[in-house]
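Visitor: Hi! Could you walk me through this structure?
Guide: Happy to, here it is.

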Amino acid sequence: MLISRVQSAVISSGTELERMIKERVNLIEDVDEFLETETMPEGVWVASKSGVKKCATLDYKGSEPDFFIFKRHKGIQHCYIIELKDGHIFDTKKAAAEREAAHGFVEQKAQRLQYRMSCHFCAFNLDDRDAIWKGFKKRIRLDEIMTGREFCDLLEIDYEEIVESRKAHGPVNLDYFISELVRIPEVKSKINRLLRQ
């Protein structure tokens, strides 16, 4: 049961990260209305996966990427399609599927959007682009890699603040994990023997 709870916590940490990002950006409420605007306002605007699912203009039946980041700077409008990952190690099949889904979206929908478009795969917790590339089994191009810091720079939000906020949960989680471990008689006995050595 404890390991199941740990696994659930790992899965929910990705959801928590997405929530924290959405709380810190200009989130587009109505993606259809936003896309009807020929010239978007200067700055950075974000459409979430759930926002895109409701969007009739895009009407995409596949797996939507996690974030669409629309940025207008010096008259240039760009749409960054982002797959955001808390981890970075994937099996070969999963890595290939992630890339295919993102690029499939661009191929089907690029003509409907008045933006330059690019796909990126972000491993939020890594600053090492080579490690990200290897974690994706080299199935993505090097120019598609994005670190968490680069992702936050694009969004114009504070990467360090998010990292520190997430770390604050660590001590409580560690205390809970250890207290639950020592409630298991065999584990408690083994720990006591190890401590006596």
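Visitor: What should I know about the source before we start?
Guide: This is a predicted model, so local features need pLDDT of at least 70 and side-chain atom pairs count only at pLDDT 80 or more, while totals for chains, interfaces and linings use all residues. Residues are numbered from 1 along each chain as its sequence is written, and side-chain values use heavy atoms, with hydrogens and water left out.

Visitor: Great. Which residues touch the most other members of the largest nonpolar core?
Guide: Leu35, Phe68, Phe70, Ile81 and Tyr115 do, out of 26 residues in that core. A nonpolar core here is a set of buried Ala, Val, Leu, Ile, Met, Phe, Trp, Tyr and Cys residues joined through side-chain atoms within 4.5 Å. Buried means under 20% relative accessible area, exposed over 50%, and partly exposed in between, with a 1.4 Å probe and protein chains only.

Visitor: And which elements each supply at least two residues of this core?
Guide: Helix 2 (31-36), strand 2 (67-73), strand 3 (76-85), helix 4 (92-109) and strand 4 (116-123). Strand 4 gives the largest share, 4 residues. Helices (H or I, at least four residues) and strands (E, at least two) are DSSP runs, numbered from the N terminus.

Visitor: What is leucine 35 in contact with?
Guide: Leaving aside neighbours within four places in sequence, leucine 35 is in contact with Cys55, Thr57, Leu58, Phe70, Leu113 and Tyr115. Contact means heavy atoms within 4.5 Å. There is also a second, separate core of 22 residues, which includes Leu17, Ile69, Leu84 and Ile162.

Visitor: Switching to rings: how many aromatic pairs are there?
Guide: The count comes to 6 aromatic pairs. Rings of Phe, Tyr and Trp (its six-membered ring) pair if their centres lie within 6.5 Å; planes under 30 degrees apart count as stacked, over 60 as edge-to-face and the rest as tilted. Phenylalanine 70 and tyrosine 115 form a tilted pair, at 5.0 Å centre to centre and 55 degrees between the planes.

Visitor: Where do phenylalanine 70 and tyrosine 115 sit?
Guide: Phenylalanine 70 is in strand 2 and tyrosine 115 in the loop between helix 4 and strand 4, 45 residues apart. Both phenylalanine 70 and tyrosine 115 are buried. Ring pairs also link Phe34, Trp45, Phe70 and Tyr115 into a cluster.

Visitor: Is histidine 120 buried or exposed?
Guide: Histidine 120 counts as buried because its relative accessibility is 10%. Histidine 120 is found in strand 4, and its side chain makes a polar contact of 2.8 Å with the side chain of serine 118. A polar contact is a pair of N or O atoms within 3.5 Å; within protein, one must be able to donate a hydrogen and the other to accept it, and residues adjacent in sequence count only if both atoms are side-chain atoms.

Visitor: What about arginine 72, buried or exposed?
Guide: Arginine 72 is buried, with a relative accessible area of 17%. Arginine 72 lies in strand 2, and a polar contact of 3.1 Å joins its side chain to that of glutamine 77.

Visitor: And glutamate 83, where is its place?
Guide: Glutamate 83 is in strand 3 and counts as buried at 5% relative accessibility. Among the residues that glutamate 83 touches are Glu98 and His120.
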